[in-house]
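Reader: I would like to learn how to read a model of this kind, one feature at a time. Please give the general idea before each case.

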Amino acid sequence: MIKLYDFLPCPFGQKVRIVLAEKSLEFELIPVDITQGEHRKPEFVRLNPYARVPVLVDEDTTVYDSTIIDEYLDDEYPEPPVLPAVGSSALRARARLFEDFADNSFTPQVGQLMVEMHKAEAERDANRVARLRQSVDRVLDYLNHELQGQQYLATEFSVADIGFAPRLLVLRALEIDPGINRSNVDAWLKRMLERPSIQSLEGITIEPGAGV
Ligand SMILES: N[C@@H](CCC(=O)N[C@@H](CS)C(=O)NCC(=O)O)C(=O)O
């Protein structure tokens, strides 16, 4: 059976768990508590030299990094696909670009905002909070533009949308309404929330220590 080494609040592990759920793949969850340094134990570092969750082990195959894990799962278990079809090169590139953008320019920024917002108000760095909110707003505006006339970012539901989903789900708890004045984002989020893979996602929290 597939094993997933993961820390439930980790947004990257959540990307993988959405794909496992989309494909109805059973797996054994092996919790790695990064707040207790469990990811630095030698036996875990042997699985992932970067010492980060998630790591997926499928029989003799060990894969780390959520993007690479999700592509592995799509190659090995193609139905239903989470990447546009082979041959649709432009669409596949678009899906990968959005996923990369989510991982680098959205997920970490929301994570940093979670850390600030968890502090007592007097302890918060107001300039940093304002900068992070602006950055999140800019991404949401961009997505709203890119979603014009589209159900999902790369036509069908794909890793492009999955990349954004974990941190989109915590925005309201951070006092950001992603859909306000952004009707395309609003409809997209509602559409994603109808998916069982998103509804059943565990570990959605704004507690710091959630990684990134
Ligand atoms: N690019 C990696 C990032 C994984 C990552 O940053 N995981 C965090 C938890 S959300 C982690 O393990 N952090 C521990 C550390 O960096 O020391 C992926 O997509 O899987």
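Author: Helices (H or I, at least four residues) and strands (E, at least two) are DSSP runs, numbered from the N terminus. The model is a predicted one, in which local features need pLDDT of at least 70, side-chain atom pairs count only at pLDDT 80 or more, and totals for chains, interfaces and linings use all residues. Residues are numbered from 1 along each chain as its sequence is written.

Reader: Why does Arg-96 count as partly exposed?

Author: A residue is buried if 20 or more other C-beta atoms lie within 10 Å of its own, exposed if 12 or fewer, and partly exposed in between, with C-beta atoms placed from the backbone. Arg-96 has 19 C-beta neighbours inside 10 Å, so it counts as partly exposed.

Reader: How is the chain divided into domains?

Author: Domain bounds come from an automatic or database domain assignment. Here they give domain 1 (2-76) and domain 2 (89-199). The centres of the two domains, taken over C-alpha atoms, are 22 Å apart. Domain 1 puts 9 residues into the contact and domain 2 puts in 12, where contact means that two C-beta atoms, placed from the backbone, lie within 7 Å.

Reader: Which element gives the largest share of the side of domain 1 that touches domain 2?

Author: Helix H1 (11-22) does, with 7 residues. The residues of that side divide into 4 nonpolar, 2 polar and 3 charged. Ala, Val, Leu, Ile, Met, Phe, Trp, Tyr, Cys and Pro count as nonpolar, Asp, Glu, Lys and Arg as charged, and the others, Gly among them, as polar.

Reader: How many residues of H1 are buried?

Author: In H1, 11 of the 12 residues are buried, among them Phe-12, Ile-18 and Leu-20. As for length, the expected span of a helix is 1.5 Å times one less than its number of residues. H1 should therefore span 16 Å, and its end C-alpha atoms are 16 Å apart.

Reader: Which helices do the buried residues of H5 pack against?

Author: They pack against H1, helix H4 (89-105), H6 and helix H7 (159-168). The buried residues of H5 include Val-110, Leu-113 and Met-114.

Reader: At what angle do H5 and H6 cross?

Author: Axes are lines fitted to C-alpha atoms, for helices over the stretch in contact, and angles run from 0 to 180 degrees between N-to-C directions. The axes of H5 (residues 107-118) and H6 (residues 126-146) cross at roughly 150° and come within 9 Å. Residues that meet include Val-110 and Leu-113 in H5 and Leu-132 and Val-136 in H6. By class, this contact has 5 nonpolar, 3 polar and 3 charged residues.
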